Amino acid sequence: MNYLSIENISKSFGEKILFENVSFGLNKGEKAALVAKNGFGKSTLLSILKDADLADSGSVVFRNDISIGFLDQDQNPDDQHTILEEILSGTDEESKILKEYTDCINSQKDIRQEILDLMDEKNLWDKDVLINTICSKLKLPPLNSKIEHLSGGQKKRIALAQILIQNPDLLILDEPTNHLDLDMIEWLEDYLKNSKSAILMVTHDRYFLEVICDLIFELARDRIHRYEGNFSYYLMKKSEREEQLQANIDKAKNTFRKELEWIRRQPKARGTKQKARIDAFAETKKVAKQKIVKDELSINVNIERLGTKIVEFHHVGKDFPNKKILNDFSYLFKRGEKVGIVGNNGIGKTTFLNMILGKEDLSKGKIVIGDTVKIGYYSQKGMKIKEDKKVIEVIKDIAEFIPLEKGKKLSALQFLERFLFPKDMHYQFVSKLSGGEKKRLYLMTILMQNPNFLILDEPTNDLDIFTISVLENYLKDFPGCVIVVSHDRYFMDKIVDHIFYFKGEGEVKDIHGNYTKYRSFLLEEQKKVTKPATDQKAKPIAPKEEQAKKKLSYKEKVEFETLESDIDKLETRKKEISEMLSSGDLESDKINEISIELSKVVAEIEEKTDRWIELSEYA
């Protein structure tokens, strides 16, 4: 059953063509991702789905009898509403019934019998529970809180909660994981995976894509490439398609060279040429001129020498009136280490970065910065670039030439090209760039100053998955130190070698390993919390028969003890397979083989995790 049909959609801004004559569709139950490079119009296309009049040409058709939920990046709730009023501000009948019911509860008025009957008839008691569950999982304040007093991130989460509670037939989501912490992302991932809604989304979170989506649409300027499978399958098939295209280009070039000699003969000979052969030559020339542009960022900048004293924390404490950020924290950074920082939103991660930068005073202790340290700081807020400046001017204002290793140097023009800005973009005004392109330009301005200590606060937000992959490769080979705050789990797995986990109340746990190791640590912590709960002295002693029912058998105990190590091994194998698929070094038959293995590994992880949770209740 077709839910959405897009036919020959085109959109341009002045001379810049975003996409032309793009067509695709989405059926009931399909969960699809839209991927493209920054500036190719992903968010614009989603905006057109919300308002078809924004398109230059083409049509957007939704099935008449379905409900649709949109989440865009510019969505903002009414500041005069409470959270609950905003969630129930829809015009559908169910929202009106629930709103009257909750208004009566909050104002302690008598509830009309008609409303109670409608609550029963439409089974809205479950929806009332759903509202509280979703708002709790998204860590929203009490539902009677006024929106005007909330942070920007909380307001974005209210918009997400509102759409999930509506439970529409079709969900259209633009970067749904922005403003969520890691726990929220994992909950949302599981929620959408099990949702019966059809989904079309734009996201840079590759684990999110891997788990949820069974269909990938890759947007190019002149077409949509459709891949039926998850993100790993898409990478494999994209590589195969590019290999086939390159083979066709090479073949066309050989044919072109042969036919060119024939087409250049004297006018007398040309007059007897076959028209079909001339037409074929024109088509061959068109194919031969094609180029496959690989996303490669090769900088090899000549970073400043890093001495033995880098950044040192000596018994550092940081308190706010109602919150403790750090409690007697000591740490000495070493050359080449890459640290990820995780913890709930508002727990003090950005404050920690500001303390290193000297933007935040300490409550006690001291931070010592080595004389050779040159910090490059990428913040979530970005930099203020004048919109009337050209891209090349932004770079030249910093330096005309960028020093490389071994005394070499790059011009500003060459540096832009290496950072995936082609020549036709160098003299564009900043105002014409997409949000992701502006973030990439901002990142350039930091890296070109040759820092040896990088601090990156949510560097993957608004970047496309292609640019993120390129950035990962650069950071893996970066010889200096890196601190990363990110909700991008795949990015953290690829980059960091250990993690500072901000647990709260000033406690920071140093976990050796990447994000996957951090999740294993949390699983172990939950396991420890579960065990004492079963041994509380205050708990009444149950009858022997009931106790027997709650004990694990010997066989179940052995199974429980081995499950966690099995899950760790499977997660490691999953990561290895994902890296192999992303490398582009595999033969097509090997890619197919390990893709099948990946699907089996993911299924086994889910099965063993469910079993671990089941047994942990009685362990």
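A cavity is a set of grid points where a 1.4 Å probe fits but cannot get out, and its volume is the space filled by probe spheres set on those points. The model is a predicted one, and a search of the whole structure finds five cavities of 30 Å³ or more. The second largest cavity has a volume of about 50 Å³, and its lining includes Leu 34, Val 35 and Ala 36, together with Val 202, Thr 203 and His 204, and also Leu 463, Asp 464 and Ile 465. Lys 42 and Glu 175 belong to this lining as well, whose residues divide into six nonpolar, two polar and three charged.

Helix α3 and helix α5 pack with their axes 11 Å apart and at an angle of about 75°, which makes α3 roughly perpendicular to α5. The table gives the residues through which the two helices touch.

| Helix | Range | Residues in the contact |
|---|---|---|
| α3 | residues 93–107 | Glu 94, Ile 97, Leu 98, Tyr 101 |
| α5 | residues 124–137 | Leu 124, Trp 125, Lys 127, Asp 128, Ile 131 |

Sorted by class, this contact of α3 with α5 has six nonpolar and three charged residues, and no polar ones.

Across the whole structure, the search finds 21 aromatic pairs. One of them is stacked, formed by Phe 313 and Phe 352 with 5.1 Å from centre to centre and 5° between the planes. This pair links distant parts of the chain, since Phe 313 lies in strand β10 (residues 311–320) and Phe 352 in helix α12 (residues 349–356), 39 residues apart.

Notes
Residues numbered from 1 in each chain as written. Predicted model: local features only at pLDDT ≥ 70, side-chain atom pairs only at ≥ 80, totals over all residues. Heavy atoms only, no water. 1 Å grid on protein atoms, 1.4 Å probe; cavity = no way out; pocket = protein on both sides within 12 Å on 5 of 7 lines; lining within 4 Å. Nonpolar A, V, L, I, M, F, W, Y, C, P; charged D, E, K, R; others polar. Axes fitted to C-alpha atoms, helices over the stretch in contact; angles between N-to-C directions. Helix = DSSP H or I, 4+ residues; strand = E, 2+ residues; numbered from the N terminus. Parallel < 35°, antiparallel > 145°, perpendicular 65-115°, else oblique. Contact = heavy atoms within 4.5 Å. Phe/Tyr/Trp six-rings, centres within 6.5 Å; stacked < 30°, edge-to-face > 60°.
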